[in-house]
Amino acid sequence: MKRRLTLHFPREAVHQPITYRLAVEFNIAAKILRAQIAPNQSGTMVVELSGDIDELDAAELWLERQGLGLDRSLGEIRIDPALCVDCGICSSVCPSGALRFQHQEQRLTFAAALCLVCEQCLPSCPLEAISLVLEPS
Ligand code: SF4
Ligand code: SF4
């Protein structure tokens with residue numbers, strides 16, 4: 001199964017080879033969806049973890065013991081139809097295919113069920129039509 005997490009690294013943990021240790025010790029593949037970590041500074045990383053459920057649970061506990069903060073609240077991506085001009089730029093950075101540009105209709109479509117909430121599309125929109133809603137109503 002797959003699980004998406006936002007990892008918050010304190011300064012003392014940024015040099016840890018987290019993805020390597022997850023692979024070797026828990027048999028978990030970690031795909032980095034977004035990372036903002038500068039050397040010797042705290043940072044955040046959005047990862048998609050793939051593995052067995054028991055190993056994912058054990059890995060989350062291990063990550064917390066390493067001093068990392070784990071954010072499991074996914075939130076929800078919203079596209080504001082009043083701002084979107086269907087330029088399609090955001091679809092080129094979407095790793096899951098949730099955002100697609102329909103060439104025939106010259107229109108953007110968003111399949112929320114495919115969205116990993118990796119947030120890569122947020123900075124890609126020149127009109128700021130994409131937002132992350134942390135507590136969807
Ligand atoms: S957050 Fe944006 S880029 Fe990431 S999967 Fe969802 S729609 Fe695609
Ligand atoms: S980049 Fe922004 S304006 Fe362009 S299709 Fe995506 S949401 Fe719409």
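**Strands β6 and β7.** I began with the pairing of β6 (residues 99–102) and β7 (residues 107–110), which is antiparallel and runs over four bridges. The model I am reading is a predicted one. I looked up Arg 100 and found its bridge partner in β7 to be Thr 109. Four residues lie between the strands of this hairpin, and I noted Gln 106 there with a positive phi near 55°.

**Ligand 1.** I listed the surroundings of ligand 1 and got 14 residues. The closest are Cys 94, Ala 98, Cys 115, Cys 118 and Cys 121. I sorted the shell by residue class: eleven are nonpolar, two polar and one charged.

**Domains.** I checked the domain assignment, which gives domain 1 as 2–71 and domain 2 as 76–133. Their centres, taken over C-alpha atoms, are 26 Å apart. I then looked at where they meet: five residues of domain 1 contact six residues of domain 2. On the domain 1 side, β2 (29–37) and β3 (43–50) are the elements that give two or more residues. That side of domain 1 divides into two nonpolar residues, three charged and no polar.

**Gln 66.** I placed Gln 66 in the loop between α2 (53–65) and β4 (69–71).

Note on methods. Residues are numbered from 1 along each chain as its sequence is written. Chains are lettered from A and ligands numbered from 1 in the order in which they are written. This is a predicted model: local features need pLDDT of at least 70, side-chain atom pairs count only at pLDDT 80 or more; totals for chains, interfaces and linings use all residues. A residue is near a molecule or strand if its C-beta atom, placed from the backbone, lies within 6 Å of it. Ala, Val, Leu, Ile, Met, Phe, Trp, Tyr, Cys and Pro count as nonpolar, Asp, Glu, Lys and Arg as charged, and the others, Gly among them, as polar. Two strands pair if DSSP finds at least two bridges between them. Domain bounds come from an automatic or database domain assignment. Two residues are in contact if their C-beta atoms, placed from the backbone, lie within 7 Å.
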